Amino acid sequence: MKNKFVADILYQIADLLDIKGEIFFKTRAYRIAAQTIEVLDEDIETVVKEGRLESIQGVGEALAKKIKEIVETGNLEYFERLKKEIPEGLLELLELPGLGPKKVAALYKSLGITTVDALGKACIQGKLRDLDGFGEITERNILRGIQLKEKTSGRVLLNVAYQDGNKYHDYIKKCREVEDSALAGSFRRKKETIGDLDILASSENPDEVMNHFVKYPDVSRILMKGPTKSSVLLSDGLQVDLRVVKKESYGAALQYFTGSKEHNVKMRSLAIKKGYRLNEYGLFEKDTEKYVTGRVEKDVYSALGLDYIEPELRENMGEIEAASEGKLPRLVDYKDILGDLHIHSIYSDGSDSIETIANHAQKFGYKYVGIADHSQSLKIAGGLSEETLIKKQKEIQQINKKLEGITVLFGTECDIKKDGTLDYPNSVLAEFDFVIVGVHTAFKMDSKQMESRILSGIENEYANILAHPTGRLIGRREAFKIDIENLIDAAKKTNTFLEINSFPDRLDLNNVHAKLAKEKKVKCVIGTDSHSVANMTYMEFGVATARRGWQEKSDILNTYGLKDLKKMLGR
DNA sequence: GCCGTTTTCGGCCCGACTGTTTTCAGTCG
């Protein structure tokens, strides 16, 4: 799958053209095409081979030619020429807050600045203030932006956003002038990383609400403050925006500020086609400006002839088309989960006993909980020897005699060794209630080798589940460059369940892969990979990822009752 | 650069805030 590679080049071209001063609509065309290809269900190489590029929405003659060249040669002459004309370093400058294409171009043309370093120096020397459109405040803001960029990588993981977001939202709700309120933006869509938090509130007295908002104890700096929109920076560097609207606009505003941007662009053009105008204040008749609806989010969708679209689906991955045809999936619900199969106990590198884990699982209403400790060769994580396994199995049998309403399952997260064999012999694997297999060592091997290693791992007759299939750690380790379609096909052939790992820095499979698995009718299982009972709440992030991948209840192994589960595991 | 049961040319989503100006361009979401 070269989709991401192609999309990245198109995004970069768009940025470069922006700096060059091309018209907005041209660069937008590049971005729309890039986004479409990034989330495309099929391999772009296949589309090229079959000459169907121009059937992709947003790809015309010119882009088709360029995409073909990228796929076939791994490069693009036009892109190389652009990079010669406009230094690549300028793309990094674009990421600084307050700097857009116009300002970056001005910095380059008049001061020859092409790097963040050079920009910082020029700010300190006060060289920017004499340029048209710049001033002393701009210099200071840019310097602050550079420092902030060094401090944080820009985006935070979902669990951090949850902590910061829910606490701040609780504080907002305490303001008496606030009527309705919600966390919107990528937080509400449950994206895997969050750039900033968006809080929406309705009120008749926005000034009071804004005053309350900026007085939150953890605010380190107020970035802007107006009657409808304010922004602050928290001490950990996360930006939080608050928007306040009137009650009759609350639903439209929630729709608007939940995004994604691409989803909204499509929504608004659909509105225009149907004779309306849609903005954050409501849906209006185009000619008369008459207010149609906007108080309730759902009504905005239905007025446009659409079924309600869950926030997790709003990525312009076909959800608007599906909603207009009544073909949206009925997404797996957070309440549908009946158990967690991926939990480590004190037997390996977990911090809680099996009994503590079982008791905790009951609080979630689970019917079963699977203890999957590491296997013998993974010494660093306390992998279990065959002797210890016997002890563990006996302990689980004892606990199951005591417990009511929940069953502890005896499992393992068995290492797939470098040569593709599993870390226990089949005679041992046969003893488990279920077997998770996964790669935990030698991550840097050649991608073809890695692919055949994993495929041979899941081919073992006792392997049930493939843990964290692509091995990525968000922000720290790239995913294996394996062909995900091959992997999904192999999972289908070997009757293997693919894990959606819920740990906030994994979320692996991701939403795009999960959607692909669903389309190929391969079932997934959502596991937390908990190393303490506190991690067990991460299930929510795994479910969110499954929902973002269009998955329904029947697509997920751990929504089935114990009897069906065992049957599906072949035990 | 794309697209068309309004159009093959002329549109393309739009409002708020800041910092720079002296009525507005640029940025952001």
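Trainee: In which loop does His468 lie?

Mentor: His468 belongs to the loop between β15 (465–466) and α21 (484–494). Helices (H or I, at least four residues) and strands (E, at least two) are DSSP runs, numbered from the N terminus. This is a predicted model, in which local features need pLDDT of at least 70 and side-chain atom pairs count only at pLDDT 80 or more, whereas totals for chains, interfaces and linings use all residues. Residues are numbered from 1 along each chain as its sequence is written, while chains are lettered from A and ligands numbered from 1 in the order in which they are written.

Trainee: Which loop holds Lys521, and is Lys521 buried or exposed?

Mentor: Lys521 sits in the loop between α22 and β17 (524–527). Although not a glycine, Lys521 has a positive phi of about 60°. Lys521 is exposed, with 9 other C-beta atoms within 10 Å.

Trainee: Which residues does the cis peptide bond with omega of about -5° join?

Mentor: Most peptide bonds are trans. Here a cis bond joins Gly259 and Ser260. Gly259 follows α13 and has a positive phi, near 70°, while Ser260 is found in the loop between α13 and α14. Another cis bond leads from Asp508 to Leu509, with omega near 5°; Leu509 is in the loop between β16 (497–501) and α22 (511–519).

Trainee: How many residues of α13 are buried?

Mentor: In α13, 9 of the 9 residues are buried, so the helix is largely enclosed by the rest of the structure. Among them are Tyr250, Leu254, Tyr256 and Phe257.

Trainee: Which residues have the most contacts inside the largest nonpolar core?

Mentor: A nonpolar core is a set of buried Ala, Val, Leu, Ile, Met, Phe, Trp, Tyr and Cys residues joined through C-beta atoms within 7 Å. The largest one has 118 residues, and Leu197, Ile199, Val369, Val435, Val437, Cys524 and Ile526 have the most contacts inside it. Helix α13 (residues 250–258) supplies the largest share of this core, 6 residues. Apart from it lies another core of 32 residues, including Tyr30, Ile37, Val47 and Val104. Contact means that the C-beta atoms of two residues, placed from the backbone, lie within 7 Å. Leaving aside neighbours within four places in sequence, Val435 is in contact with Gly411, Thr412, Cys414, Leu429, Tyr462, Ala463 and Asn464.

Trainee: Which residues of helix α17 are buried?

Mentor: In α17 (residues 354–363), these are Ile354, Ile357, Ala358, His360 and Ala361. They cover an arc of only 165° around the axis, which puts them on the same side of α17; the arc is that of the directions from the helix axis to the C-beta atoms. Their cover includes β11 (339–343), β12 (368–374), α18 (386–402) and β13 (407–415). Gly365, which follows α17, has a positive phi near 80°.

Trainee: In what order do the 7 strands form an open sheet?

Mentor: Strands of a sheet pair through backbone hydrogen bonds, either parallel or antiparallel. Two strands pair if DSSP finds at least two bridges between them. The order here is β11-β12-β13-β14-β15-β16-β17, and the pairing is parallel. β11 and β17 stand at the edges with a single partner strand each, so one side of each has no neighbour in the sheet. Parallel pairing of β11 and β12 runs over 3 bridges, and Asp340 has Val369 of β12 as its bridge partner.

Trainee: Which strand do 4 bridges join to β8?

Mentor: That strand is β9 (residues 282–285), which runs antiparallel to β8. A hairpin joins β8 to β9 through 2 residues, and Leu278 has Leu283 as its bridge partner in β9. Tyr276 and Leu278 form the covered face of β8, whereas Arg277 and Asn279 form the uncovered one.

Trainee: Which residues are the closest to DNA strand B?

Mentor: A residue is near a molecule or strand if its C-beta atom, placed from the backbone, lies within 6 Å of it. DNA strand B is surrounded by 38 residues, and the closest are Gly60, Gly100, Lys103, Gly135 and Gly226. The elements that each supply at least two residues of this surface include α2 (24–38), α4 (61–73), α9 (136–151) and β8 (276–279). The most come from α9, with 4 residues.

Terms used
Buried ≥ 20, exposed ≤ 12 C-beta atoms within 10 Å, placed from the backbone.
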